[in-house]
Amino acid sequence: MADMHLEHAHIIQQTKANMPNDQVLTKVAEVFKIFGDPTRIRILAALSEGEMCVCCLCDLLEMSQSAVSHQLSILKAANLIKSRREGKQIYYSLDDAHIGAILCTGIAHVLER
């Protein structure tokens with residue numbers, strides 16, 4: 001019994017050393033909460049194809065501009081998307097490749113079931 005406890009102590013110690021701290025894990029949970037909304041997932045999926053303006057997103061998703069803009073502001077505040085201005089038009093894209101990878105991994109997981 002004592003040998004088993006020592007084995008478990010090593011596993012616990014090693015895992016504790018490799019685990020991110022609570023602050024990082026809390027931030028990760030907040031990111032996944034943002035991913036928890038189907039409308040935001042649809043926007044991220046659209047932007048994974050490339051940069052788009054709000055009017056294109058509205059047409060593609062068949063949603064009002066105010067609804068799309070609201071979701072874009074949430075995504076931008078979470079650093080999941082970025083924007084750039086060209087004249088009067090604002091274009092949105094994924095903030096970095098990690099966002100697309102998270103989305104692709106989620107889709108692959110769902111499709112393999």
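Tutor: Glutamate 86 has glutamine 89, in S3, as its bridge partner. The model is predicted, and residues are numbered from 1 along each chain as its sequence is written. Local features need pLDDT of at least 70 and side-chain atom pairs count only at pLDDT 80 or more, while totals for chains, interfaces and linings use all residues; side-chain values use heavy atoms, with hydrogens and water left out.

The pairing comes first. S2 and strand S3 (residues 89–94) run antiparallel and are joined by six bridges. Both belong to an open, antiparallel sheet of three strands in the order S1-S3-S2. Its edge strands, S1 (52–53) and S2 (81–86), each pair on one side only. Here strands (E, at least two residues) and helices (H or I, at least four) are DSSP runs numbered from the N terminus, and two strands pair if DSSP finds at least two bridges between them. Strands of a sheet pair through backbone hydrogen bonds, either parallel or antiparallel.

Arginine 84 meets glutamate 51 in a salt bridge, N to O, at 2.8 Å; a salt bridge is a side-chain nitrogen of Lys or Arg within 4 Å of a carboxyl oxygen of Asp or Glu. Because arginine 84 lies in strand S2 and glutamate 51 in the loop between H3 and S1, the pair ties together parts that are 33 residues apart in sequence. Arginine 84 also forms a salt bridge with glutamate 86, with the closest N and O atoms 2.9 Å apart. The structure holds two salt bridges, and a network of them links Glu51, Arg84 and Glu86. Arginine 84, at 35%, counts as partly exposed, as do glutamate 51 at 37% and glutamate 86 at 45%.

Ile81, Leu44, Leu47 and Leu72 have the most contacts inside the largest nonpolar core, which has 21 residues. Such a core is a set of buried Ala, Val, Leu, Ile, Met, Phe, Trp, Tyr and Cys residues joined through side-chain atoms within 4.5 Å. Among the elements that each supply at least two residues of this core are helix H3 (38–47), helix H5 (65–77) and S3.

Notes
Buried < 20%, exposed > 50% of the residue type's maximum accessible area, 1.4 Å probe, protein only.
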